[in-house]
Structures are given as C-alpha cells and as structure tokens.
Amino acid sequence: VILFKVALSILFRILCLQDSFAKVILSGFLELSGGCIALKELSSLPLRFLLISALLSFGGICVFMQTASVTAECGAGLYLHGKLIQTLVSAMLSLTLVLLWDVHSFSLSIIISIYLIGTIGITGLRKVCRKKLWKLYGA
C-alpha cells in the first residue's frame, strides 16, 4: 500500500496531473484506499457514487497483486476475469440507480441495454470458469 502511494505521488508529479477525475481513476485503479480518499475532490454526487461502486468492486491493482501472491499455485487469471466482470455489473447497476435519481433522464432502453450487457458478461464468465475448471480438475 505504501509502495503504491509513493508511486502515485511520483507519477502525479511527473505527469503534472491537475484533473481531479483522472487522479481519482488512476488512484483507485492502482490502490483502492487512495482512490476512495481522492473521491472528495469530485463535486458531482452521482459521479462519486458511480466511481466508488466501480472502485470497490475492482479493488485495485494492489489488492490484485496481494491476491495473486496468496493464490500463486492456482493462478490469478480467473480471479482477474471475475473482478472485471464484477466491476462492470456493479457500475451498470449503479448507473441504473443514478438514472433513476433523475427521473427526467430515465430511459427504459438504457436500462434494457445495461441488463443485456450484464447478462452477456455473466454468461461469458460462466463459460470461462467452466473451461478453467475443466483444465484444472478434468471435471
């Protein structure tokens, strides 16, 4: 966690990042707690809600590396696929809630699109899981 915090501060200085949205995305993608703390820089409540939902679902590269080190024998490929799909589904459901907050911008076609994308993602994850388990255990 400390390593990622130091790396982020160096990266922000090198890139001269002033955009708070980019800082939140980069911080949250690399290290979860830093991204959550950086959310206070955004003024839009719906945007903060969407980002915190996605960041908490993904967990960050730091958490992924910790998990990969513990599950070295099993591999972390399936874990990464699952986290990405979880992030996608979580962001879509959060987007649905944000759209429902503002009744005037609510559109049934958007909700149906979100549902279909989520269904396709979950179906893809199930296929990947079956293939991976078949290779690992032959069952």
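I began with Cys 36, which counts as partly exposed because its relative accessibility is 28%. The cut-offs are under 20% relative accessible area for buried, over 50% for exposed and partly exposed in between, with a 1.4 Å probe and protein chains only. Cys 62 counts as buried because its relative accessibility is 6%.

I noted that this is a predicted model, where local features need pLDDT of at least 70, side-chain atom pairs count only at pLDDT 80 or more, and totals for chains, interfaces and linings use all residues. Residues are numbered from 1 along each chain as its sequence is written, and side-chain values use heavy atoms, leaving out hydrogens and water.

Next I looked for disulfides (a pair of cysteine sulfur atoms within 2.5 Å). I found zero in the structure.

**Glu 31**

I placed Glu 31 in the loop between helix 2 (20-30) and helix 3 (32-38). Helices here are DSSP runs of H or I with at least four residues, numbered from the N terminus. Glu 31 counts as buried because its relative accessibility is 5%. Its side chain makes a polar contact with the side chain of Ser 33, at 2.7 Å. A polar contact is a pair of N or O atoms within 3.5 Å; within protein, one must be able to donate a hydrogen and the other to accept it, and residues adjacent in sequence count only if both atoms are side-chain atoms. Setting aside neighbours within four places in sequence, I listed Val 1, Phe 4 and Cys 62 as in contact with Glu 31 (heavy atoms within 4.5 Å).

I found Ser 27 in helix 2. Ser 27 is buried because its relative accessible area is 5%. Beyond its neighbours within four places in sequence, its contacts include Leu 8, Phe 12 and Gly 34.

Ser 27, Leu 8, Phe 12 and Gly 34 are also among the residues lining the largest pocket. A pocket is an open set of points on a 1 Å grid over the protein atoms alone, where a 1.4 Å probe fits, with protein on both sides within 12 Å along at least five of seven lines; lining residues have an atom within 4 Å of a point. I read off a volume of about 180 Å³ for the largest pocket. Helix 1 (2-15), helix 2 and helix 3 each give two or more residues to this lining. Helix 1 gives the most, with four residues.

**Helix 4**

I checked the N-terminal end of helix 4 and found Ser 44 capping it, with a side-chain oxygen 3.3 Å from the backbone nitrogen of Leu 47. Just after the helix, Gly 59 takes a positive phi of about 95°.

Terms used:
Grid points are joined across faces, edges and corners, and a volume is the space filled by probe spheres set on the points.
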